[in-house]
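Please examine the sequence and the three-dimensional structure shown below.

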Amino acid sequence: VNHYKGRLAETLLERYQNATARLYCPPLMKLPKAGQYMQLVSPHDELQAVPVSAFASGAAEQADGGGFLLPILADLPERWQPGDELSIRGPLGRGFELPKRAKRVALAALAGNPGRLLPLASAALAQGCEVALCTDAAVASLPAAVELRGLADLPAVIAWGDFLAFDIKIEELEGLEEKLGMRSPLPRALEAQALVVSPMPCGGMAKCGVCAVPAHKGERLLCEDGPVVELREMFPS
Ligand code: FES
């Protein structure tokens with residue numbers, strides 16, 4: 001894992017951009033894949049108790065001076081201002097792994113803002129897949145090839161797809177079947193990956209256990225074994 005010196009380049013209206021901010025990433029930085037995360041620390045913010053987890057929520061653009069501007073979705077402290085220097089740790093964790101044979105990719109934003117899924121939508125299009133995204137939130141600048149649907153259509157979209165990827169808040173995992181519009185248990189054949197959105201204060205450095213979720217064999221730490229997990233590992237049925 002690497003550390004980089006970055007900068008908060010710009011804050012955005014999250015609702016309209018599917019991103020909280022644009023992060024300046026230095027030239028040689030390895031950028032996170034869809035579903036991976038970074039930890040952000042402001043070296044001059046004495047009030048910051050734990051690092052902030054940030055996800056890429058769009059494509060990186062070339063910045064002046066050779067670096068990149070990366071749209072991110074993150075709970076940034078309001079006192080952080082554009083121009084603030086940030087130390088970036090990452091990319092961390094396991095992201096989405098799009099199966100090579102996937103042809104019809106169903107995406108579902110169950111955690112609110114669909115931003116965390118947008119890099120996967122682009123990756124799936126690049127792999128030649130058809131892509132449908134179910135969300136009830138506002139979506140900005142979605143590639144025209146992605147079919148946009150409401151969450152009410154999710155069962156039909158899941159039936160259409162051969163691969164499902166979604167994000168969900170950790171506290172809502174228990175009601176997952178219902179959220180997916182399915183009767184429990186989830187069908188065995190469903191190939192699906194979930195990005196579980198959880199506080200990850202130590203990011204694997206201290207094994208604090210805050211991000212632990214029950215799994216097939218014992219427990220998983222989302223910060224290390226996730227935050228993207230195979231649905232089957234969590235709900236063996
Ligand atoms: S965040 Fe501490 S163990 Fe995962």
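Lys 207 counts as exposed because its relative accessibility is 53%; the terms used here are buried for under 20% relative accessible area, exposed for over 50%, and partly exposed in between, with a 1.4 Å probe and protein chains only. The model is a predicted one, in which local features need pLDDT of at least 70 and side-chain atom pairs count only at pLDDT 80 or more, while totals for chains, interfaces and linings use all residues. Residues are numbered from 1 along each chain as its sequence is written, and side-chain values use heavy atoms, with hydrogens and water left out.

Lys 207 is found in the loop between S12 and strand S13 (212-214). Helices (H or I, at least four residues) and strands (E, at least two) are DSSP runs, numbered from the N terminus. Although Lys 207 is not a glycine, its phi is positive, at about 50 degrees. Asn 18, also not a glycine, has a positive phi of about 55 degrees. This residue, Asn 18, belongs to the loop between helix H1 (14-17) and strand S2 (21-25). Is Asn 18 buried or exposed? With a relative accessible area of 0%, Asn 18 is buried.

The bond from Gly 90 to Pro 91 is cis, with omega near -5 degrees, and Pro 91 has its place in strand S7 (residues 85-92). The bond from Gly 226 to Pro 227 is cis, with omega near 5 degrees. Pro 227 lies in a loop, between helix H5 (222-225) and strand S15 (228-230).

The discussion now turns to strand S12 (residues 192-197), in which Gln 193 lies. Gln 193 has a relative accessible area of 3% and is therefore buried. A polar atom of its side chain lies 2.9 Å from the backbone nitrogen of Glu 97. A polar contact is a pair of N or O atoms within 3.5 Å; within protein, one must be able to donate a hydrogen and the other to accept it, and residues adjacent in sequence count only if both atoms are side-chain atoms. Apart from neighbours within four places in sequence, Gln 193 is in contact (heavy atoms within 4.5 Å) with residues including Phe 96, Glu 97, Phe 163, Ala 165 and Val 229.

Phe 163 is also among the residues touched by Val 105, when residues up to four places away in sequence are not counted; others among them are Leu 98, Ala 124, Val 131 and Trp 160. Val 105 is in strand S8 and counts as buried because its relative accessibility is 0%. From C-alpha to C-alpha, Val 105 and Ala 54 are 24 Å apart in space, and they are 51 residues apart in sequence.

Just after H2, Gly 128 takes a positive phi of about 90 degrees.

How many aromatic pairs are there? The count is 1 aromatic pair, under a rule by which rings of Phe, Tyr and Trp (its six-membered ring) pair if their centres lie within 6.5 Å; planes under 30 degrees apart count as stacked, over 60 as edge-to-face and the rest as tilted. The ring centres of Tyr 37 and Phe 55 are 6.3 Å apart and their planes meet at 40 degrees, so this pair is tilted. The two residues are 18 apart and link distant parts of the chain, Tyr 37 being in strand S3 (residues 37-41) and Phe 55 in strand S4 (residues 52-56). Tyr 37 is buried, with a relative accessible area of 0%, and Phe 55 counts as buried at 6%. Arg 116 lies over the face of Phe 55, at 5.8 Å from the ring centre. A charge sits over a ring if NZ of Lys or CZ of Arg is within 6 Å of the ring centre and within 35 degrees of the ring normal.

Finally, the protein chain as a whole has 6 helices and 15 strands. Buried residues make up 50% of its 237 residues.
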